[in-house]
Amino acid sequence: MRMEQTGHGRLRDRFGRAITDLRLSVTDRCNYKCVYCRTGNEGAQYTELATGDYLRMVRIMVSLGIEKVRLTGGEPLLRSGLVEMVHELSTLRTAFLSDGTATDSGLPIDLALTTNGHLLEPLAAPLMEAGLKRITVSMDAVEPETFAAITRVPRSFERVLAGVRKATAVGFGPVKINCVLLRGFNDHQIEAFAEFSRREGVIVRFIEFMPLEEDRSWRSETVIRMDELVARLNHFRPLVELPQHSASETARRFTFDDGVGEIGIIAPVSRPFCGHCSRIRITSDGKLRTCLFSQSDHDLYGRMFRGGTDQELAAYIRSVVFQKEERHHIGEPGFEKPLRNMVHIGG
Ligand code: SAM
């Protein structure tokens, strides 16, 4: 897909952060009801735009300097036509060179997917053939009973494990596994996850629980903070820190003293990384979201629907990105949870 260069220079916010990383939620439907995300009471209502609408939005964003696109949801593998969408997106090329100079040849964008893995086994090979580069699978336990208690779907662990192994076998390795730790639910799984990383050749990334859940049950005490987690892992086996891939990398990376296994720790609550944030999101209903904790979204789809040209939409995106929040305020007095939770925003 070729793009038109719209506007001038890379997308930047008013704090000078270059915005290069887009999360696109392709549906807000999900086949899991994870206890820390959803109430489990939701009806059949969900919002998805036509594939062509998402593709147009991404094309414009890439023309403005987006280099990484991560498909998410809801559960993106529930979205019909996802493989074709991946194929279209895989032909997009970045609009700027690493030194910020505009180019019309570019490099292929970095195209990734975050999934719960339930439907991954049959889709791993088609997604690889369609041009997907990387897969992250969310798994909050490596023990079937705890897994099913969290997802509220019986026999879900076996399906996801089969999906992870298939993704590795078709060449997505090392697959990243994201685990949100909650005290009292799955913190007994920390050492088992370390073993899982070493045994399966996957990168396990622990993420601190953020106040983004539907039933507003977040408590500071439920969060397993980075320091506590590092102590637990060091007790299991001494950790050795690995270098960061880039300044905007959100995870601190570790291996063990024998070099086997890789653990990432993402600590948005205890060590916020807002100063290096390079992200913007498009929600499944086509709204721009500048921060996970924004109090309101910006209706890009509405402007498209009313006949906005690519240039007008690009100018709108620039103005919205410019206003991106400096940082989130989790844990500070007066912190307000966003009105829409993770499943709507796209994690
Ligand atoms: N359904 C897909 C999946 O499970 O990966 C994509 C969407 S899901 C909302 C994306 C990620 O957000 C998952 O790894 C999930 O564990 C994480 N997540 C959801 N709620 C969260 C919260 N309150 N704090 C931290 N991470 C959360």
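This is a predicted model: local features need pLDDT of at least 70, side-chain atom pairs count only at pLDDT 80 or more; totals for chains, interfaces and linings use all residues.
The protein chain exposes about 14,800 Å² of surface, and carbon and sulfur atoms supply 53% of that area.

Consider first the overall form. The C-alpha atoms of the protein chain fill a box of roughly 55 × 50 × 45 Å along the principal axes. For 347 residues, a compact globule would have a radius of gyration near 20 Å, and the protein chain, at 20 Å, therefore agrees with that expectation. Of the 347 residues, 51% are buried. The secondary structure of the chain consists of 10 helices and 12 strands.

The contacts show how the chain is folded upon itself. Among contacts between residues at least 6 apart in sequence, 72% join residues at least 24 apart.

A pair of aromatic rings is described by the distance of the centres and the angle of the planes. In this model there are seven aromatic pairs. One of them joins tyrosine 36 and phenylalanine 209; because the ring centres are 6.3 Å apart and the planes stand at 85°, the pair is edge-to-face. Which parts of the chain does this pair tie together? Tyrosine 36 belongs to the loop between β1 (21-25) and α1 (51-63), while phenylalanine 209 belongs to the loop between β6 (203-208) and α7 (226-236), so the pair connects parts that are 173 residues apart in sequence.

Are these two residues buried or exposed? A residue counts as buried when its relative accessible area is under 20%. Tyrosine 36 has 15% relative accessibility and therefore counts as buried. Phenylalanine 209, at 3% relative accessibility, counts as buried on this basis as well.

Another pair is made by phenylalanine 193 and phenylalanine 206, whose ring centres lie 5.8 Å apart with planes at 90°, so this pair is also edge-to-face.

Notes. Residues are numbered from 1 along each chain as its sequence is written. Side-chain values use heavy atoms; hydrogens and water are left out. Helices (H or I, at least four residues) and strands (E, at least two) are DSSP runs, numbered from the N terminus. The radius of gyration is taken over C-alpha atoms; the globule rule is 2.2 Å times the number of residues to the power 0.38. Buried means under 20% relative accessible area, exposed over 50%, partly exposed in between (1.4 Å probe, protein chains only). Contact means heavy atoms within 4.5 Å. Accessible areas come from the Shrake-Rupley method with a 1.4 Å probe; for residues, only the protein chains shown count as cover. Rings of Phe, Tyr and Trp (its six-membered ring) pair if their centres lie within 6.5 Å; planes under 30 degrees apart count as stacked, over 60 as edge-to-face and the rest as tilted.
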